[in-house]
Amino acid sequence: MEDVVRPNEQAFKAMYERGYCTWFSLYEMTIADTKTHLPWRDCLFQLENAFLDHPSFPENLAVDASFSNTAIATGISTWRTAQGPCDLPSFDQEFFIPVASDRPTILAISDPQQSAFVFPRCFGEDDGHITLLILAWTYILSARWAEIIPGASGPEYSNFEAEWDDKNIPFERAPTGSTTAIIDLGDIDDDAARWWAAVLALEGGWIASIPSDKDPILHSPWYTKLVSEQRFTLSRDTKSRPLPAQHRAASFATALRYLFSYCEFHKVAKQSHAALAATLLLPVARFDNRTVRLPTPRVRRKVRFNEETICKTPVWSKNLNQLDRLLTLSCNAVGTKALLNSVFFEPGTFAFLDLDIVQDQHILLRVLMKRDPSLGFLWLGAFIIGTQTRSLQEAQPVSTLPPGTEEISRADECRLMYLSHDQYYTVPPLFPFALFGSTAITDTNIGVCQHARCETSHGLKYESLTWRCRGGQRAATTVPRIPFRAKNGQPTDGNISVTYNNLDNEDDDSSEMVTRNIFTWLRDEDGFPVAERAIREHEWIDNLDSVDDCPITGDAQSTVGGNLHGWLLKTITRRSNSL
């Protein structure tokens, strides 16, 4: 007998094959391009013009610091639900973005073999500066954060500093297994030296914070704690000497200039862009409660030449609006994860990547870049710090039904219920899994029944975003039409030999949980139509009423007969043909 909830073996296999072929075709394209095109440079410099329509924090932003572990910025996003003549109204969605936290992101510095990802050596740049540059960018982003977030302060230097090398030990002659990593900073003044000593102090050489109403100090989103068996020892051309105890901390602009000078000295501009991409992903690592593993720096002493110094302007000094957009995106860990995870979504299938095929991390990264090139820099940053997680989450437009249609797919039924935004459907399901099968239109609720036959295209379209600002003011941001994010990787016409090693249609634990969740969201208020009796009695769904014996809570609760009152309320709202 065919299972009413799970796809049969043939359908399951067909879906597996399509997902397999989608990613295998991308893998083949990547391998074919290996010798002719290296995408690293292109993806890195996307940073300078990516997401130009993304909003940034406004002036006078209202910050809610009433929590002990976080501070948040809040606002309302407005979404249009239909195109053309349709009375389905737009709706507003509350949103919040964390702008401070009481927890650091843990950075564990170890041998390159133990780090999450070895930075590709295809940039014409020597050595491994990526860890140092990430630490520098955590300060720079925090300094900019303190300038634009009301109530934030800093950065301020602490009493901890990295040590200085008075012996000028060459990198090549450093003892094997040494617990010290020597960092050559070149010819820098005392102010720059003090900044680097703070940035590279293992104990935490600086702080940027915002007060909480609950007393604890909250830190910037790029607040980190270093765990390393090796200490950083700094070296500069000017003879190292004790720096003044009281030293004014470098501002955002000054710190940016110090970093730019270091990159010019070591010729590592591309690594700096990669480090910025990785730093933008640090809030995601903290959100996932993950430790970030980074390689121990290996910085050779530079050979000095009598070259004329040419003063240049750091690239981000002339592109501050773009940096602010990236900073805002970085604070929104959930939004960043959604962008990364979007590459795995494909309508009508499970678009997965067989890691048995792509075992080389650099090839795997390039496959993901090829899937959606505009997200290349985010994926590079994710690989550097090890946050390349996956899920299937993305909203899709509702199919337009031809005249005379008597059924609607359950996936479209779910979408229309959310777009209708009735009282019980203002929040999407926890697992936005597209259900199989269809529902008779006469068995759907009022909102779905009304709009299922509407000849208008229904779907989410982002209209505007409004920030809450201090003094009850609001700052509105309107963006032009955002096109659908097309993805590469359509299955090729050639013969692809599908490997079924990872096909397991008996692994039901996750499927059961997701299926029960989505049916609870879909049917809990109005009940199951009689036509879905077999689904209601399925072993995965049969225990939905296990909590029905508990009294309901809220304003509608009766002082007596709580169970009966809850049952009556449900009875009133259900269809006449519901189970």
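This is a predicted model: local features need pLDDT of at least 70, side-chain atom pairs count only at pLDDT 80 or more; totals for chains, interfaces and linings use all residues.
A residue is called buried here when its relative accessible area is under 20%, exposed when over 50%, and partly exposed in between (1.4 Å probe, protein chains only).

Residues are numbered from 1 along each chain as its sequence is written, and side-chain values use heavy atoms, with hydrogens and water left out.

Let's turn to the salt bridges. The structure holds 15 of them, each defined as a side-chain nitrogen of Lys or Arg within 4 Å of a carboxyl oxygen of Asp or Glu. Here are some examples.

| Pair | N to O distance |
|---|---|
| Arg144 and Asp324 | 2.8 Å |
| Glu413 and Arg523 | 2.7 Å |
| Arg533 and Glu537 | 3.9 Å |

Helices (H or I, at least four residues) are DSSP runs, numbered from the N terminus. Arg144 counts as buried at 11% relative accessibility, and Asp324 does at 10%.

Glu413 belongs to helix 12 (residues 410-420) and Arg523 to helix 14 (residues 509-523), so this pair links parts that are 110 residues apart in sequence. Both Glu413 and Arg523 are buried.

In the remaining pair of the table, Arg533 is partly exposed at 42% relative accessibility, and Glu537 is exposed at 51%. Salt bridges with shared partners also join Arg410, Glu413, Arg523 and Glu532 into one network.

Technical notes. Helices (H or I, at least four residues) and strands (E, at least two) are DSSP runs, numbered from the N terminus.
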